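These notes are meant for someone opening the model for the first time. Please read them beside the sequence and the coordinates.

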Amino acid sequence: MSLSDMFLHKKMIVELVQKTDAKIILELGVRSIKKDNDSTSTHIFYETLKNLHGGDCSLYSCDMLFPKEEEYLIEDMKKSKIWHFFVGDDRDQFLSIKKMLEQKKQKIDILFIDTYKNYELTKFELENYTKLLSNDGIILMHDVGVFLGSELERRPDWMGHDRAVMEFLKTTDFKLRAQLGSYNMAVLFRDTEHLNGVEIDNDLKYNRNRQPVSQEWCTRRREDFAASWGVFEK
């Protein structure tokens, strides 16, 4: 049985939406719309918002292409007034998204970033889209601190992605906590009160390939992560 990255992080994601009473969510990076064990972020956010607020909420998604899987889920979501999709590079779509939010007098409660991993794109997203956050808004970032040690040398783009995140943390009042496992899910926040008691650092007993691992393995992974990110973990 296959398990998606988002399915493994789903419990934490759902709790964050529920306990922060989020109504406006913007996700950058979509790929596909799937549920259950293959859950993707879009459907998790959509279902959680719908169950929590009915129609009094909005999920905004942006990606280079409109998703094609799964068609029946996409059709249901398109019929709702909850989901709105922007097609294109999120750098090009920023002003359109900003204008729409301003017209609706909305601020983003949760910003989810899971786009292409490189320095320039991540830097743009953090510097610009965070300006659209509500006062207690939080950022969810997939794939933070994934490739450690010698593997970083083979993935300079991922190194750039992490560098952009670190620079953002150094120059703002945001802090970081992360749920490690299945390509890691980091949560960036200004104040611990904004998390409303949601536990972030309860690591998954899975590696980045979604294979089960021992508690000892998880402990070593956390130690490796802390060596690079501990200064930002609050």
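1. Helices (H or I, at least four residues) and strands (E, at least two) are DSSP runs, numbered from the N terminus. This is a predicted model, in which local features need pLDDT of at least 70 and side-chain atom pairs count only at pLDDT 80 or more, while totals for chains, interfaces and linings use all residues. Residues are numbered from 1 along each chain as its sequence is written, and side-chain values use heavy atoms, with hydrogens and water left out.

2. Asp21 is found in the loop between H1 and E1. Asp21 is not a glycine, yet its phi is positive, at about 55 degrees. The terms are used as follows: buried is under 20% relative accessible area, exposed is over 50%, and partly exposed is in between (1.4 Å probe, protein chains only).

3. Helix H1 covers residues 5-19, which makes 15 residues. From its first C-alpha to its last H1 reaches 22 Å, close to the 21 Å expected at 1.5 Å a residue; the expected span is 1.5 Å times one less than the number of residues. H1 also has a kink of about 50 degrees, centred on Lys11. The bend at a residue is the angle between axes fitted to the seven residues ending there and the seven starting there.

4. Which residues of H1 are buried? They are Asp5, Met6, Leu8, His9, Met12, Ile13, Val14, Leu16 and Val17. Their cover includes helix H2 (41-53) and the strands E1 (24-28), E4 (108-113), E5 (133-142), E6 (175-179) and E7 (185-189). Contact here means heavy atoms within 4.5 Å.

5. Strand E5 is mostly covered, with eight of its ten residues buried. E4 and E5 run parallel and are joined by five bridges; two strands pair if DSSP finds at least two bridges between them. Ile113 stands opposite Met141 in E5.

6. The loop between E6 and E7 holds Ser182 and Asn184. Ser182 counts as buried because its relative accessibility is 0%. Leaving aside neighbours within four places in sequence, the contacts of Ser182 include Ser4, Asp5, Leu8, His9, His142 and Tyr206. Ser182 and Gly145 are 37 residues apart in sequence and 11 Å apart in space, C-alpha to C-alpha. Asn184 has a positive phi of about 60 degrees although it is not a glycine, and Asn184 is buried, with a relative accessible area of 7%.

7. Glu69 and Glu70 are joined by a cis peptide bond, with omega about -20 degrees. Glu70 has its place in the loop between strand E2 (58-63) and helix H3 (71-79).

8. How many aromatic pairs does a search of the whole structure find? It finds ten. One of them is Phe168 with Phe174, a tilted pair at 5.2 Å centre to centre and 40 degrees between the planes. Rings of Phe, Tyr and Trp (its six-membered ring) pair if their centres lie within 6.5 Å; planes under 30 degrees apart count as stacked, over 60 as edge-to-face and the rest as tilted. Both Phe168 and Phe174 are buried. Elsewhere, Phe66, Trp83 and Phe85 form one aromatic cluster.

9. Two charged side chains deserve a look. Arg163 lies over the face of Tyr119, at 3.8 Å from the ring centre, and Lys117 lies over the face of Trp158, at 5.8 Å from the ring centre. A charge sits over a ring if NZ of Lys or CZ of Arg is within 6 Å of the ring centre and within 35 degrees of the ring normal.
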